[in-house]
Amino acid sequence: MIKRVFALMLTLSLLLSLCGCTGQFSEKRLTGDTERILIADVDSGADDALALAMLCKAENIHLLGVTCVEGNSTIENVGKTACHILEMFDCADVPVYRGENLPDHELRRTLISVYGSDGMGDCGLIHPTKTVDGDDAVSFILDSVKENPGKVEIAVLGPATNIAAAIKRDEEAMRQVKSFWIMGTAGIGQGNATPVAEFNTITDAPALQTILDLGIETVIVPFDTTHKAGMFTGNEMDAFSEKSEKADFFVRAFSKLRAFNGSNSGGEYVDACDPCMASVLIDEGLIREEKCCYAVTCLEPGLTYGQVIFYEQGHSYEAQPDIGSYHVRLITAIDRDGFIGQIYTTCDAKE
Ligand SMILES: [Ca+2]
């Protein structure tokens, strides 16, 4: 009898090992059909780093890979930070691909590194043993979508350059993306790059429009929404840093942004925009208000370059233009307590 039980256990453990079912990451795979397949496109940035950590910890997400784009830091730093976060959150087997440098168009703004020159507060936090797995993020995106038609969701946490390059290379394949989740645009409020434009969008405005032109479900979590729901005061950051080593890691990573906001607005704070987007991606129950919209990016040179105009479905405008399809979900309010709860869980911190 004991031998039969032992044989059964051995068979089960063999089956589990054949399925790759060991460790935290593999446990997530066991959730089967309820699991969502995601590619995270990042320009880390402390806020991308925290968002990526949240996605690593999410039980309902299978992170297929991370693609990197220049933005909040150099492409080299973006890759190193992604590798470090994946290792830190037990997802070292998730591949990381170097992507595109930003297009060198005449309207390209000089990038201001509000996160420090390394994107992570210049505190010496980033020292991964993992290295990037390849140089062709666009091929990785296209291959992943073709292998999983209609299933892959893409989180766009930086300038949309990689995604637009994939669409330009194989538009038909990219029509098989299930949905895009974009942290970008100023929404229906003020921007952070200009009064009307947000950093990710203005950095590669044609790329965002390329996604919008594709016409598949696109969830936009804009700056004005995340600036409110994702806001931490200096005191809140100090309190959070005491909660765990991981919490302290991210508080230090955000230190340059905190100081920048202090000198820019007179009060130290951190607006964690990418984590805010990740929180509603992981749990749509945190969305408090959204509008169904047609969206279009201003690409004409001038003061409105990079602004995104949202036409709300069901609303009549006195100067009604030709409206395309209403395939954009604009998130206008997020449950802040739920968002903060996710950050605490991610960092193993007790509230
Ligand atoms: Ca970002």
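Predicted model: local features only at pLDDT ≥ 70, side-chain atom pairs only at ≥ 80, totals over all residues.

Biologist: How many helices and strands does the protein chain have?

Modeller: The protein chain has 15 helices and 11 strands. Both are DSSP runs numbered from the N terminus: helices are H or I with at least four residues, strands E with at least two.

Biologist: What share of the protein chain counts as buried?

Modeller: Of its 351 residues, 46% are buried. Buried takes 20 or more other C-beta atoms within 10 Å of the residue's own, exposed 12 or fewer, partly exposed anything in between, with C-beta atoms placed from the backbone. As for contacts with a separation of 6 or more, 81% link residues 24 or more positions apart. A contact needs C-beta atoms, placed from the backbone, within 7 Å.

Biologist: What makes the sheet open, and which strands stand at its edges?

Modeller: The sheet has 9 strands, ordered β3-β2-β1-β4-β5-β6-β11-β9-β10, with mixed pairing. β3 (96–98) and β10 (308–312) are the edges: each has a single partner strand, so one side of each lacks a neighbour in the sheet. From one strand to the next, the twist averages 30 degrees.

Biologist: How do you know that β1 and β2 pair?

Modeller: Pairing takes at least two bridges found by DSSP. β1 (residues 36–42) and β2 (residues 61–68) are joined by 7 bridges, so they pair, and they run parallel. Isoleucine 39 stands opposite glycine 65 in β2.

Biologist: What lies across β1 and β2?

Modeller: Helix α3 does, running at about 165 degrees to β1. In the loop between β1 and α3 is glycine 45. The peptide bond from serine 44 to glycine 45 is cis, with omega near -15 degrees.

Biologist: Why is α3 called roughly perpendicular to α15?

Modeller: Helix α3 (residues 46–57) and helix α15 (residues 336–346) pack at about 75 degrees, with axes 9 Å apart. Roughly perpendicular spans 65 to 115 degrees; under 35 is roughly parallel, over 145 roughly antiparallel, and the rest oblique. So α3 is roughly perpendicular to α15. Ala53, Met54 and Lys57 of α3 meet Gln342, Thr345 and Thr346 of α15. By class, that contact has 2 nonpolar, 3 polar and 1 charged residues. Nonpolar covers Ala, Val, Leu, Ile, Met, Phe, Trp, Tyr, Cys and Pro; charged covers Asp, Glu, Lys and Arg; polar covers the others, Gly among them.

Biologist: What makes α14 and α15 roughly perpendicular?

Modeller: The axes of helix α14 (residues 273–282) and α15 come within 10 Å and cross at roughly 95 degrees. Axes are lines fitted to C-alpha atoms, for helices over the stretch in contact, and angles run from 0 to 180 degrees between N-to-C directions. The two helices are therefore roughly perpendicular to each other. Pro275, Cys276, Ser279 and Ile282 of α14 contact Gly338, Phe339, Gln342 and Ile343 of α15. These residues divide into 5 nonpolar, 3 polar and no charged.

Biologist: How do you know that the buried residues of α5 lie on the same side?

Modeller: They are Ala137, Val138, Phe140, Ile141, Ser144 and Val145. Their arc around the axis is only 165 degrees, which puts them on the same side of α5. The arc is taken from the directions from the helix axis to the C-beta atoms. Their packing partners are β1, β2, β3, β4 (152–156), α6 (161–169) and α7 (171–174).

Biologist: Is threonine 185 buried or exposed?

Modeller: Threonine 185 has 31 other C-beta atoms within 10 Å, so it is buried. Its phi is positive, about 75 degrees, although it is not a glycine. Threonine 185 sits in the loop between β5 (179–183) and α8 (199–203).

Biologist: Why is aspartate 122 called partly exposed?

Modeller: Aspartate 122 has 15 other C-beta atoms within 10 Å, so it is partly exposed. Its phi is also positive, near 55 degrees.

Biologist: What makes aspartate 238 exposed?

Modeller: Aspartate 238 has 12 other C-beta atoms within 10 Å, so it counts as exposed. Aspartate 238 belongs to helix α11 (residues 234–241).

Terms used
Residues numbered from 1 in each chain as written. Contact = placed C-beta atoms within 7 Å.
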